[in-house]
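Thanks for coming, everyone. Please look at the structure on the screen, and I'll walk you through it.

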Amino acid sequence: MHRSLDIDFRVIEDQLRGRNFVRSSEMLGPTENLFKTKEHGYRRVDDATFLHVMHFEAGTTYSLRITRPDYVCIQISVGGTYNRWIDDHVAPVKPATIDITNAPLSFSDTTAGAKLRGVLIACKREYLIDHFKLNVDRVPAVYRPIFNSGAGSPSALTLPANPDVMVAADQILSWKHHEPLRHLYLNAKAIEIICEVVAQINGWVPQMRRPPASQSKRVAIEAAATIYRREIFNAPTIEQLAMRVGLNRNDLTEGFREVFGATPHVYGHLLRMEEARLMLQDGQLSISEVARRIGYEGYSSFSRAYSSHFGHSPSVEKHPAQPSAGSDLLHPTPPVQTEQR
């Protein structure tokens, strides 16, 4: 089964007047079997900007025709690949990139079973320039029509997705709270992404090539490490982490070895040990409570792990100590430790 879909950004703009969110089904008809997700639609950021969160599995193959007059679209792809057509140009949309387009009409093809994760922010072209002070002169001439012409450009401006943008996109995709907090949080993150992208363009040293795979992979690895640090008390599994940054398990593990000299498992263990040391030195919690907070079921298993890592038991941590050798792996450095499982 194949479906042909048609979305007009002017209709979305009209639907969002006086509303915070409009479901895709209100414009496309029933979508339960098309997008396997809890929420598929468009969220108002302000009068000139809206947000679309892509976090779904395609239930059937479909083609999407998008009419988007005078909108600049900022798309951060985290997981999944599909093809986008503008005029006679076709390009795969790949993870760990920022694609910026302003074509009045585009088409995309997605196959059944594809799992897409990412963020699309659509902003009125003149508003993006005037409100966020985007300096079009910093953009190479071939891509300037994206920002200074309603006719747009058949080619997307592709930026390397820096870790801050990737983490902000992951926070949008991972946020689970209900309204009104959900709306306020997602809007703030959308504005954060726009600011990061504009700052990246305004400070750009033009090198207009698609970022090499190695660079995109490193960005994804650094974003994964940030997620680990942020969620240290409820760390995702390796499979979950790989999905959230758009890598497979093997690439994630290999990338951690290259950047940090350790697998994700070892890296996460180092983070937890360092956090345990700080909590013990603070003196506000018992050893058993520290163990529980960093994910150990009991005192004995935590004490063995702590003693193995630092060379002494957790009970001796009464005053702040000098950083241990293990902490060197918490930031990108040449590999200094091999995996021990």
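Let's start in a loop. Pro180 sits in the loop between helix 5 and helix 6 (181–202). Helices here are DSSP runs of H or I with at least four residues, strands are runs of E with at least two, and both are numbered from the N terminus. The peptide bond joining Glu179 and Pro180 is cis, with omega about 0 degrees.

A word on sources. This is a predicted model, where local features need pLDDT of at least 70 and side-chain atom pairs count only at pLDDT 80 or more, while totals for chains, interfaces and linings use all residues. Residues are numbered from 1 along each chain as its sequence is written, and side-chain values use heavy atoms, with hydrogens and water left out.

Now the overview. The protein has 12 helices and 13 strands. Of its 341 residues, 49% count as buried. Buried means under 20% relative accessible area, exposed means over 50%, and partly exposed is in between, using a 1.4 Å probe and protein chains only. Next, contacts, meaning heavy atoms within 4.5 Å. Among contacts between residues at least 6 apart in sequence, 68% join residues at least 24 apart.

Back to loops, for two backbone angles. Asp70 is in the loop between strand 6 and strand 7. Its phi is near 60 degrees, a positive value in a residue other than glycine. Lys133 lies in the loop between helix 3 (125–132) and helix 4 (145–148). Lys133 also has a positive phi, about 55 degrees, although it is not a glycine. Lys133 counts as exposed, at 60%.

On to the inside. In soluble globular proteins, nonpolar side chains tend to be buried together. A nonpolar core, as used here, is a set of buried Ala, Val, Leu, Ile, Met, Phe, Trp, Tyr and Cys residues joined through side-chain atoms within 4.5 Å. The largest one has 59 residues, and Ile100, Phe147 and Leu252 have the most contacts inside it. Helix 7 (residues 213–230) gives the most to this core, with 8 residues. Apart from that core lies another, of 24 residues, among them Phe35, Ala58, Ile66 and Val93. Take Leu252 again. Leaving aside neighbours within four places in sequence, its contacts include Ile221, Ala224, Val245 and Pro264.

What about cysteines? A disulfide is a covalent bond between the sulfur atoms of two cysteines. The rule used here is a pair of cysteine sulfur atoms within 2.5 Å. By that rule, the count is 0 disulfides. Cys123 is buried, because its relative accessible area is 1%. Cys195 is partly exposed, at 40%.

We use a 1 Å grid over the protein atoms alone. A cavity is a set of points where a 1.4 Å probe fits but cannot get out. A pocket is an open set with protein on both sides within 12 Å along at least five of seven lines. Lining residues have an atom within 4 Å of a point. Points are joined across faces, edges and corners, and a volume is the space filled by probe spheres set on the points.

The largest pocket has a volume of about 500 Å³. It is lined by 15 residues, and Lys38, Glu39, Trp175, Lys176 and Arg182 lie nearest its centre. Strand 5 (49–58) and helix 5 (163–174) each supply at least two residues of that lining.

How many cavities of 30 Å³ or more are there? The count is 3. The largest cavity has a volume of about 340 Å³. Its lining has 26 residues, with Met54, Leu64, Ile66, Tyr82 and Ser108 nearest the centre. Strand 11 gives the most to this lining, with 4 residues.

Let's finish on Ser108. Ser108 is found in strand 11 (residues 105–110). Ser108 is buried, because its relative accessible area is 8%. Leaving aside neighbours within four places in sequence, Ser108 is in contact with Tyr62, Ser63, Leu64, Tyr82, Asn83 and Arg84. That's my tour. Thank you.
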